[in-house]
Amino acid sequence: MRRSVILVTLAMVATASWGQSWRNEFQKNHVFGGLGFAVPGGDVKNFYSTAFAWSIGYGYRPIKYLQLDVGYDGSYNSANVDAYVYNPGFGPLLIRDFETFIPLGGRVVAPFAKGRVEFYAGGGGAYARVGEFLKQPAQYVRLECPYCEARDGWGYFAMLGASVALDRAQHFRLGAVTRVYRVDTSGPAVGSTPATHTSDQWVNTYFGMTFSF
């Protein structure tokens, strides 16, 4: 996995460096938002299921072919937690699980067709958390959840993606990205996960829009 990402990244750097002679101007700031799905693997493959996922992120390019990234990826109910806690004032309240991923890293960008099409690959460090949350009974009510558990840990991620500009100024892009997370987590059981140290893998794919400026 690591060797494949490194080879792809080096190939993209070479292509971007040798194959482009167009203008030096480029968009430095990139804001991404997308929806997709998260597929669990590793030690949690038999305990979690594929889940609806979302992603938001910001990237900054100090040079045309390199982007520094920070983001937030989330998914819903992969651990299939479907429990209730009784509150005297509001009755039974639903508990569900959410998965959180914080990728911190960068990517190498290979632009083609004068920048209208971009391919990219990269990676970096990552924080992941699987937690149970209580569905609040009203907008301005915040009740504690004494039965909610959480697991978390650190690891790394690798990514591949592509985007296409929708306008001549290249402010709006339609694209897709896949991030593969490998994170060691520990903590209490969430859903049917054993309350032990686990080596988790997640393959998260998102389709969305990027605003560049």
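Reader: Which residues make the nonpolar surface patch of about 1100 Å²?

Author: This is a predicted model. Look for nonpolar side chains that lie within 5 Å of each other and have over 30% relative accessible area. Here the patch is made by Val31, Tyr58, Tyr60, Val70, Leu104, Trp154, Leu166, Phe172, Leu174, Met209, Phe211 and Phe213. Strands β2 (51-63), β8 (172-185) and β9 (198-212) each give two or more residues to this patch.

Reader: Take Phe211. Which strand holds Phe211, and why is Phe211 called partly exposed?

Author: Phe211 is found in strand β9. Phe211 has a relative accessible area of 35%, so Phe211 is partly exposed.

Reader: How many disulfides does a search of the whole structure find?

Author: Check for paired cysteine sulfur atoms within 2.5 Å. The search finds 1 disulfide. Cys145 and Cys148 form the link, with sulfur atoms 2.0 Å apart. The angle about the S-S bond is 80°, and the link is right-handed.

Reader: Is Cys145 buried or exposed?

Author: Buried means under 20% relative accessible area. Cys145 has 18%, so Cys145 counts as buried.

Reader: What pLDDT does the protein chain average, and where is the pLDDT below 50?

Author: Where pLDDT is low, predicted coordinates should not be read in detail. The chain averages 89, and 89% of the residues score at least 70. The pLDDT is below 50 over residues 5-11, a stretch with 6 contacts beyond near neighbours in sequence. Residues 13-23 also have pLDDT below 50, with 17 such contacts in the model.

Conventions. Residues are numbered from 1 along each chain as its sequence is written. Side-chain values use heavy atoms; hydrogens and water are left out. Patches are made of residues with over 30% relative accessible area and no salt bridge: like charges are joined within 9 Å, nonpolar side chains (Val, Leu, Ile, Met, Phe, Trp, Tyr) within 5 Å. Accessible areas come from the Shrake-Rupley method with a 1.4 Å probe; for residues, only the protein chains shown count as cover. A salt bridge is a side-chain nitrogen of Lys or Arg within 4 Å of a carboxyl oxygen of Asp or Glu. Helices (H or I, at least four residues) and strands (E, at least two) are DSSP runs, numbered from the N terminus. Buried means under 20% relative accessible area, exposed over 50%, partly exposed in between (1.4 Å probe, protein chains only). pLDDT is the predictor's confidence in each residue, from 0 to 100. Contact means heavy atoms within 4.5 Å.
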